[in-house]
Amino acid sequence: MKNYLKLLNFEVNRFFKLYLTLIGLIIVSQFIGAVVVSKGYMNDVDQVMYKKQLSMSQYTEDYGLFSFDQFVGSEWFLLPIFFSIAVLMIYVFFIWYRDWFGKNTFIYRLLMLPTERITIYFSKLTTIMLLVLGLVALQIVLISIEIQIVNSIIPTDLQSHFLFYDFYSLRMWGWLYPNTFTEFILIYGVGLIFVAVLFTAILIERSYGLKGIFIAIVYGMLSFGVFIAPLLVNRLLNGYFYTLEVFLMELVISIIVLVSAIWIANYLLKYKIRV
Amino acid sequence: MIEVKNVEKKYGRKRVLNSLSFTAEKGEITCLIGINGVGKTTIMKAIMALTPINSGEILIDGEKIRKESYEKVTFIPDTITMLPQMKICDAFAFMADFYKNWNPQRAEELLQFFKLDPTERIANLSKGNMAKVNMILGLALDVDYLLMDEPFSGIDIFSREQIAEVFTSHLIEDRGVIITTHEISDIEHLIDRAVLIDNGKVLKEFSVEEVREKDGKSVVDVMREVYGR
Amino acid sequence: MIFWELSSLTVKFNNRDPVYIQVIRHFKEQIAKGYFEPGQEIPSRRELANQLKINPNTAQRAYKEMEEQGLIFTEGNMPSCITKDEAVLKSVREELIIEAVDLFLGSIKSIDVPLSEVLELVKKKHDAESGEAEESK
């Protein structure tokens with residue numbers, strides 16, 4: 001357990017500089033965006049009001065209100081998020097491959113530590129989860145600040161009432177910011193399983209070389225197939241099962257997929273891995 | 001003692017290790033000798049479970065390798081086992097953090113002996129100095145067995161002399177050492193046993209002083225006989 | 001610990017004779033030449049190995065042999081010393097002198113020259129060299 005925490009600390013530290021850069025990027029881009037979008041909107045409003053000699057309430061009757069969505073849908077807001085997602089996706093692979101390649105043969109040291117080798121796997125897995133959750137938490141904090149920024153530029157009379165969880169009503173955000181705790185576990189649980197399977201696939205490649213890539217792909221597809229099996233079967237049987245039953249089947253299947261990923265990874269790390 | 005028993009390993013179609021067997025005792029320096037690609041590095045990695053074997057057995061003090069074994073045996077490969085951006089002191093801190101058997105005083109002593117600056121980053125070190133740091137990472141562990149892969153290769157002669165000094169000092173005493181090298185004539189007088197390997201097989205395993213006494217032959221002489229070159 | 005010159009620069013080991021025998025030989029030479037005094041303390045096995053750049057097991061073996069041959073002795077936990085036994089020291093000197101003589105005779109055997117002439121040359125050379133040594137003092 002102690003070694004797990006030490007390794008976790010080590011892995012997080014390795015990425016920390018890049019992580020801070022990402023955070024910096026997100027903050028800068030979104031704050032600037034909040035200002036730019038708000039000011040831009042106010043400019044338009046002022047121009048139209050001047051040209052057509054409208055009062056504010058007349059303006060809102062004709063042109064509607066400012067919705068926070070206008071900011072949230074802008075590139076200022078979205079680009080840094082997509083960029084971060086891309087970086088993290090790459091890091092899912094890089095977190096392993098970086099220890100093998102370049103001038104770096106740190107994998108020797110990792111594999112020679114007096115600890116169960118699966119600890120390496122768990123620490124890297126946890127690192128990814130923490131990095132993702134960290135950014136998710138950051139975004140929640142940033143949103144509340146960004147609301148303040150917008151409010152300081154656009155009078156509330158011009159804004160449609162922004163409920164915090166309207167933010168979630170955007171389909172995409174429903175995935176990252178689920179409303180209930182159960183949904184949260186569900187979605188991030190699936191994310192965890194996804195990363196775990198990917199990690200195991202990487203270890204398959206590292207253990208078997210070229211033919212390992214094929215085996216890894218087959219493994220990945222198998223895991224995915226098994227995972228969606230209950231949903232598929234239910235669909236094929238025209239909704240034969242109750243939702244709760246499908247849910248329970250999925251839960252069991254998910255646990256099976258996760259456990260097999262970990263079991264295979266453990267086996268590979270102990271007996272098949274090569275430096 | 002480290003026992004390697006009938007180890008087989010195939011890499012693709014090539015038989016890299018062909019029923020390879022030898023023993024290395026604690027308190028002795030055993031040298032694996034052979035040309036490049038003959039399996040010396042592979043068998044060392046196999047002992048450390050850094051590469052799998054197809055069949056055969058490797059025992060360290062009668063046991064198969066487990067996680068605790070890494071406090072008993074360590075490997076010094078010909079590449080650095082720390083992150084290049086780490087400073088030397090960071091690397092030492094890492095070792096101290098994970099290994100109970102890390103001896104910080106000995107690490108300090110070796111640092112001074114090799115005249116290295118602990119605040120230097122590993123990536124900025126010369127090849128010779130990097131090899132020395134690698135050595136320290138192994139020697140400062142209170143392990144029973146040290147495996148060193150080509151400790152002298154690609155290093156200037158003065159660094160080599162420094163490293164050779166280590167072999168005759170208290171740092172090696174009572175430990176079992178397995179080394180591989182090309183520079184055998186330089187270190188003949190340092191080793192206890194020689195294991196001649198060719199094509200993944202042990203051709204001859206012998207005590208160096210015994211052969212000198214009985215046959216008046218040096219290791220190089222025996223090599224010429226055995227390899228027919 | 002008395003410092004004495006015994007670095008690997010002055011002792012060259014060949015790789016065909018057992019190293020421990022070469023170490024013993026070196027000790028005998030130093031004794032015969034008087035560089036090692038009777039009763040003089042010698043380095044520990046470990047120190048010797050380090051100074052001569054040899055395997056510590058070899059140093060160990062050499063000491064064991066020398067102990068058995070009576071060339072060195074160890075009292076309890078004290079460091080080992082050169083023997084004070086005159087008989088042993090004498091025999092060591094003799095052994096080396098005989099070796100040198102054998103070597104000498106072996107080399108001149110093939111040259112056809114009477115012994116008396118050879119001995120004359122030896123005496124001449126010897127006197128000349130000790131004369132030079134006297135002058136340079």
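In the predicted model, chain C has a radius of gyration of 18 Å, whereas a compact globule of 137 residues would have one near 14 Å. The C-alpha trace of chain C spans about 55 × 40 × 30 Å along its principal axes, and buried residues make up 21% of the 137 residues in this chain. Among the contacts in chain C with a separation of 6 or more, 60% are accounted for by residues 24 or more positions apart. The secondary structure of chain C consists of five helices and two strands, and these elements follow the pattern α-α-α-β-β-α-α when the chain is read along the sequence.

Chain C is divided into two domains, with domain 1 covering residues 19-82 and domain 2 covering residues 86-136. The C-alpha centres of domain 1 of chain C and domain 2 of chain C lie 27 Å apart, and the contact between them involves seven residues of domain 1 of chain C and six residues of domain 2 of chain C. On the side of domain 1 of chain C that touches domain 2 of chain C, the residues divide by class into four nonpolar, one polar and two charged.

In chain B, six strands form an open sheet of mixed pairing, in the order β5-β6-β7-β3-β8-β9. The edges of this sheet are taken by β5 (73-76) and β9 of chain B, each of which has a single partner strand, so one side of each is left without a neighbour in the sheet. From one strand to the next, the twist averages 15°.

The pairing of β8(B) with strand β9 (residues 201-207) of chain B is instead antiparallel and comprises six bridges; here B:Asp198 stands opposite B:Lys201 in β9(B). Together, β8(B) and β9(B) form a hairpin in which two residues lie between the strands, and B:Asn199, located in the turn, has a positive phi of about 50°.

Between chains A and B, the contact involves 18 residues of chain A and 22 residues of chain B. On the side of chain A that touches chain B, two or more residues are given by each of the elements α1 (2-52), α5 (106-111) and α9 (243-272) of chain A, and the largest share, four residues, comes from α5(A). By class, this side of chain A has eight nonpolar, four polar and six charged residues.

Conventions: Residues numbered from 1 in each chain as written. Chains lettered and ligands numbered in written order. Predicted model: local features only at pLDDT ≥ 70, side-chain atom pairs only at ≥ 80, totals over all residues. Pairing = 2+ DSSP bridges. Rg over C-alpha atoms; globule rule 2.2 N^0.38 Å. Buried ≥ 20, exposed ≤ 12 C-beta atoms within 10 Å, placed from the backbone. Contact = placed C-beta atoms within 7 Å. Axes fitted to C-alpha atoms, helices over the stretch in contact; angles between N-to-C directions. Domains from an automatic or database assignment. Nonpolar A, V, L, I, M, F, W, Y, C, P; charged D, E, K, R; others polar.
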